[in-house]
Amino acid sequence: MGEPKKKQFRTIDVPFVALGPSGVAIRDRLKHLTTADEKVLRLVGEHLGHLASLDLKARCADAGDHSADTWAARKRSLTADSSSRWAGAITKATHDQWALSRRCQLAHIQSLETGVRTLMHRLSLPLGEKGTKKAAGGYRSKSEWFQKARRLHVLEHRLDVARAEREDGIVHVVRGGRKLLNNRHNLEAAQLTEEQWRERWEAERWFLAADGESGKRFGNETIRVAPDGEVSIKLPAPLADLANSRHGRYILTSKVAFAHRGQEWADRITGNRAVAYRIHHDVRRGRWYLTASWQRTLVKTIPLDTARARGMIGVDTNADHFAAYQLDVHGNPVGDPRRFFYDLAGTADHRDAQIRHAITQVLHWAKDCNVAAIAIEDLDFTAEKTREKHGRRKRFRRLISSIPTGRLKARLVSMAAEQGLAVVAVDPAYTSQWGGQHWQKPLVTPGRKMTRHDAAGIAIGRRALGHPIRRRTAPPPHDQSDRVGHRTVQAGTDARGREGTRPPVTERAHDARARTETQQGTRATSASKTVRDARSVRQWVQDSLLPTD
């Protein structure tokens, strides 16, 4: 019989410090608007929204024939019905929407290709053949095989259509959102009346956004906000008769005061640096909001060695909580595990608030621990949640689909930068498996319960610190050069006494150590006359104890 084949592990990517946020957005409510103010905002939004829809239709019709000349022609046609700045904002938003649709189209094609490959592989296997961890096996019955063969034809047809559309530059875009559009066909399930749906649909299709311009007064000529909070809008040419100020501008009675980053915003507008504004109407609440945003110079992240200098917080992301553990600079777990729970059920606003709250708790704890960075897995489940790959495992597919990977990374990087903390991204391979294998059982005490997720947090932190996940090898048994003892925790090369035995803590331990040293001296004298095995003279490193507090 030949030797069993060793399991092949994939290459682990090197940890890296994530880049900081590149933009800032703040929002304030437009309170105490008069009836005239709301009328003007509705008319401007409806008029510009109509122009934006026409421009998007023209851009989709151009498809791959788009050029600087066609862009300029579209902008000139819009300028006559608005202004040059409104036309520039509309065309830029159109290009961004078209590019986003192309990226989504490519992701859809890649998902279909993955499903087709999986189905073809499973259909090629004999019925009932078992699968492996890397690939699924054959189908269980002829009936299932037949149903999957039909689904393969459906996916192949969808893939051919998607590829043909991409080659022709065709994209499918819905201004206002496809979800809201589909709600029109099932108003009862959406708990909406036709009037409520219509009002929400029209509000989502309005266009009230203006890009900033550096060097212009207060950083924006179209929607201008003065340092005292006064908001004024440059009206489009057909609505210029509604102006209540000079140069075709309309000044709202409401004043804004940004509570969050207000000083940073004030510094920008007093320096006439670009600030983009967007006015949004929340139909459900009956409120108007003004959002200010600007680009931030990309700050160079701290070096990885600096991020490791004071230890690390390892965070394991799960469907309903963060499992975090503090590690010192040598990779030793400190204290007890921490768990920060969140509930991702309900509306998108509720989910976003839950994630923000949990991240805030993690950051406050990291500041209390006096660490410089947080380690997190660089997760991406885009190709791992298809039903072709996981088959009947609906609960598992639902589980990995519910983990907020993309939103979590964006929120964590942005919020950590404000607290002066770096985010170290690590390869997620085998963190849960090896963490549970090497760290879950050893850290269990009568007063501490360890889960697989807690152990994964240790594995993530150790990988970010540059240490292997595996714990140190235990010392040799009694019949060799050293006594059995707990020596599985790392210590730095500058730690005094790391080669020695564990220091005693009681008088009894002092007495026992003295007796042991006397006995060892006698045995060493008699053993010096014998030939010892080379392995018996190996030195075993004594490290610091596992923390128990």
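1. Strand S4 and strand S5 (residues 230-234) run antiparallel and are joined by 3 bridges. Two strands count as paired if DSSP finds at least two bridges between them; strands are DSSP runs of E with at least two residues, helices are runs of H or I with at least four, and both are numbered from the N terminus. Arg224 stands opposite Ser232 in S5.

2. On the source: this is a predicted model, in which local features need pLDDT of at least 70 and side-chain atom pairs count only at pLDDT 80 or more, while totals for chains, interfaces and linings use all residues. Residues are numbered from 1 along each chain as its sequence is written, and side-chain values use heavy atoms, with hydrogens and water left out.

3. S4 and S5 belong to an open sheet of 3 strands with the order S4-S5-S6 and antiparallel pairing. Strand S4 (223-225) and strand S6 (249-255) are the edges; each has a single partner strand, so one side of each has no neighbour in the sheet.

4. A further open sheet has 4 strands in the order S2-S8-S7-S3, again with antiparallel pairing. Its edges are S2 and strand S3 (209-210), each with a single partner strand, so one side of each is left without a neighbour in the sheet. S7 pairs with strand S8 (residues 287-295) in the antiparallel sense over 7 bridges. Tyr277 has Ala292 in S8 as its bridge partner.

5. Buried means under 20% relative accessible area, exposed over 50% and partly exposed in between (1.4 Å probe, protein chains only).

6. Leaving out residues up to four places away in sequence, Trp265 touches Ile26, Val225, Ala226, Pro227, Phe258, Val275, Tyr277, Ala292 and Trp294 (contact: heavy atoms within 4.5 Å).

7. Because 6 of the 6 residues of S9 (residues 312-317) are buried, the strand is largely enclosed by the rest of the structure.

8. S9 pairs with strand S10 (residues 321-327) in the antiparallel sense over 6 bridges, and a hairpin of 3 residues joins the two. Ile313 stands opposite Gln326 in S10. S9 also runs parallel to strand S12 (residues 373-377), with 3 bridges between them; Val315 has Ile376 as its bridge partner there.

9. S10 in turn pairs with strand S11 (residues 333-341), antiparallel and over 6 bridges. Ala323 has Arg339 in S11 as its bridge partner. The hairpin of S10 and S11 has 5 residues between the strands, and in it Gly331 takes a positive phi near 90 degrees.
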